[in-house]
Amino acid sequence: MKCCMRLVFGLLLLTACRQNPPDSAQLPPQAEPFLRQMQQALAAQQLAPALALADSVERHAPGWPDALFVRGLVYMQQRRYDAAATAFRQVLERQPHYPGAWFNLGQNAALARRYREAIGYYRKELKLAEEVSTSAQTLAAVWTQMGNAYEQLTRDDSARAAYAQALRLDSTYAEAHAGLSRLLERAGRYEAALRHAEQAMALAPARLDYRYRAGALLVQLGRFAEAISLLQTVVQHWPGHGAAAYNLGRALIATGRTEAGQRYLARADSLQQLTERLLHARRRTELQPDDPDAWSTYARLLMEAGYLDQAYTALQTALTLAPGNLALLSNLATLQLAMGDTVGALKGLQLLVRADSGFAEGWFNLGVVYAMLGDSEAAREAWRRTLQLNPEHEAARAYLGRLQ
């Protein structure tokens, strides 16, 4: 799952780092509102709207680099690596000083497992930074991604040097600390690895992968009691994370909570099948990147495992391939509910049943949202509509029975 998360965070970083290059042309005024909306959609990981808005920008400003840049980001998310590379190269043809284009070529190559090629692109981004004003954090990001590529090539000395340079530029760059932690653990230097893992966790407390790394290292060092709370947080939010369940089981048993620990060890064993299905689904998106069903299946399994942010991105990717697909939009609303975005789910489902009043599953999910909001009458009506459209919908019948 680590690779998937790196992709999501990379996209957010790259859009945030965009600056106006010195050789930028003037954007036609009629394209400006579309450009702003495109940037907002991308920041929210709403990939299908971002792609549609890129079309709108290009209608008024053909070949505009920002629109091409967004196309590259979306194609990269879709695993259409050749198309993404073409888009980023077109950006550079139009604006050779465009910040982030070489970096994204590197990210794209790394995702395609062409790590030596990726390193070359990262170096070009660093060269560009000598001519274009670039923040220390952005430079740290480039060095960190270079370190990741060296790691994949098992060139640990080069990776360590890259991470160290990243931290010289920005000592608060969490991913560089995480990278050094991985290298130090591989070298058997567990105490030093833990120090960097804890720094990464302190700097980015929302990153559950950093919490897992710190917890797993504490288990490795025999500091079981300290590991338990960290690992409990991980398994609570990522119920499909088998390694977290395994390490939590070990820690609980070591602290005398044998029965609870055995349950987590059994859970880790049972999660092996889900992990294999996830890997298979991910591989399918790599082999069939233009198939929305492949992305939908991958998103469903990510949801099952509790990786909600990654599931959201996978569903958004599916919607770029099948815009307006009712089943995907319904799944997206269900995911928004799981993520706590009740308002977003309600709005999406209301639009959905307005667009197609005969979509039974949309009415059913709308009823669920109304029930969660305490509007029993609206929920009752939605589930009645579900049963009118699909009399064999057992869940709607059961939910309706509870209200009556």
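Predicted model: local features only at pLDDT ≥ 70, side-chain atom pairs only at ≥ 80, totals over all residues.

1. The search of the whole structure returns 21 salt bridges.

2. Arginine 71 pairs with aspartate 55, with 2.0 Å between the closest N and O atoms. Arginine 71 counts as buried because its relative accessible area, 13%, is under 20%. Aspartate 55 has a relative accessible area of 34%, and is therefore partly exposed, as this value falls between 20% and 50%.

3. Arginine 380 and glutamate 377 form a salt bridge whose closest N and O atoms are 2.8 Å apart. Both residues sit in helix α21 (residues 376–389), 3 residues apart, or about one turn of the helix. Arginine 380 is buried, at 14% relative accessibility, whereas glutamate 377 is partly exposed, with a relative accessible area of 48%.

4. Arginine 282 forms a salt bridge with glutamate 286, and the closest N and O atoms are 3.7 Å apart. The cut-off is 4 Å, so the pair is counted. Helix α15 (residues 258–287) holds both partners, 4 residues apart, about one turn of the helix. Arginine 282 and glutamate 286 are both buried.

5. Which residues are linked with Arg282 and Glu286 in a network of salt bridges? Arg113 and Arg283 are part of that network.

How values were computed
Residues numbered from 1 in each chain as written. Heavy atoms only, no water. Salt bridge = Lys/Arg side-chain N within 4 Å of Asp/Glu carboxyl O. Buried < 20%, exposed > 50% of the residue type's maximum accessible area, 1.4 Å probe, protein only. Helix = DSSP H or I, 4+ residues; strand = E, 2+ residues; numbered from the N terminus.
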